[in-house]
2 protein chains.
Amino acid sequence: MSRARVHNFSISLDGFGTGEGQSRDEPFGHAGERLHEWMFATQWWRGPDEPGGSSGVDDAFTRLFDVGIGAEIMGAGKYGYPGWHEDPEWKGWWGANPPFHTPTFILTHHTRPSIEMEGGTTYHFLNASPAEALETARKAAEGQDVRIGGGATMIRDFLAAGLIDYLHVVVVPILLGRGVRLWDGIEGLEKDYQVETTSSPSGVTHVTFTRAGA
Amino acid sequence: MSRARVHNFSISLDGFGTGEGQSRDEPFGHAGERLHEWMFATQWWRGPDEPGGSSGVDDAFTRLFDVGIGAEIMGAGKYGYPGWHEDPEWKGWWGANPPFHTPTFILTHHTRPSIEMEGGTTYHFLNASPAEALETARKAAEGQDVRIGGGATMIRDFLAAGLIDYLHVVVVPILLGRGVRLWDGIEGLEKDYQVETTSSPSGVTHVTFTRAGA
């Protein structure tokens, strides 16, 4: 069975997955890097050339990011800054060798030809519903799982459509006050999932929603 | 130093301190008792006549509820159902011997004479700002701390006014979708506090905000 999985999706204590005022200079708006500092501190993020990162529960969760993943779907707002579709040279935030290493589908009303990057990542641009996009990505994943990459709006859309099998959210103890909320419009989500919470010495709390049988 | 403390204040994962549709029959609206089941399961709540409750971190936190407390302030929405002020016989939800056992100040535009209950609780009705109410309650507490009892709206008002020294919030892993939010309008609150998070085997997460020096 090919599952649809969300990993390492960070939100503030008041539920915002990104801040207000996103731009090319500030991809997360006024949140800056505050939602992701816990991840930057892990051994996984730092990699073998930069020793000394944390190796506890935060690191363990981050390492699940690409295990068994055969494709990613992301929203247009993750792929680029507001207005990227007017820039024919834009190829995402992640440089020549992006960290996806699989077919990667960008949901957008502004499609363009696919872009082959180094390291196995190919960007495909899809104007499709969540269910249609997942079907396409599953074929590309050849039996492996599909990562649902974010941002908040597209994860919420996939949750509302009942398409997510595993959701890993990281609650960071800051109050952003404004931005894009993850949880709006999905009352009662927990009824379809087994929910577990694990707080880390770093201060963040990992919350996992696992669908029965998934 | 007399501190202003919040204890055992439960919110959903999406930040609601109470549900929608509060009434005399449904004090927490559509949330029902779901925000407080973790507390009902503790030894502290069950008391000596009903053994078998949980004795871990949930129980430890609940037992701080009345330690060193000399008065409580609560909002009108905690004291009674919407419209209670039109009922001259209404004396709160908690029966003849309420669990406060101190002077207890109700913030309301509809004041009435004080009501002496059994067990040390006296209800006083105040039409006052958060700062004024806290000054009054501190005098009544005779050097001890003041509990800020909720609901969500009045805690938010006290936080926005910079009056809270210790805030214990319990995040319950359910999505209510609607109701009264705790966190609105207090961006950056964490800057003035030491924040700690502790997840419990029961599934809830305890988040404490402790003001420097408090």
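Glu20(B) is partly exposed, at a relative accessible area of 44% (buried means under 20%, exposed over 50%, partly exposed in between, with a 1.4 Å probe and protein chains only). This is a predicted model, in which local features need pLDDT of at least 70, side-chain atom pairs count only at pLDDT 80 or more, and totals for chains, interfaces and linings use all residues. Residues are numbered from 1 along each chain as its sequence is written, chains are lettered from A and ligands numbered from 1 in the order written, and side-chain values use heavy atoms, without hydrogens and water.

Glu20(B) pairs with Arg178(B) in a salt bridge (a side-chain nitrogen of Lys or Arg within 4 Å of a carboxyl oxygen of Asp or Glu). Arg178(B) sits in the loop between β8 and β9 of chain B and Glu20(B) in the loop between β2 and α1, so the pair ties together parts 158 residues apart in sequence. Arg178(B) is partly exposed, at 31%.

| Salt bridge | N to O distance |
|---|---|
| Glu72(A) and Lys78(A) | 2.8 Å |
| Arg178(B) and Glu20(B) | 3.1 Å |
| Asp87(B) and Arg24(B) | 3.7 Å |

Asp87(B) and Arg24(B) also link distant parts of the chain, 63 residues apart. Asp87(B) is buried at 18% relative accessibility, whereas Arg24(B) is partly exposed at 47%. In chain A, Glu72(A) is buried, with a relative accessible area of 0%. Arg3(A), Arg5(A) and Asp145(A) form a salt-bridge network. Over all chains, the whole structure holds 28 salt bridges.

Helix α6 of chain A spans residues 152-160, and its buried residues include Met154(A), Ile155(A) and Phe158(A). Gly162(A) follows α6(A) with a positive phi, near 70°.

Technical notes:
Helix = DSSP H or I, 4+ residues; strand = E, 2+ residues; numbered from the N terminus.
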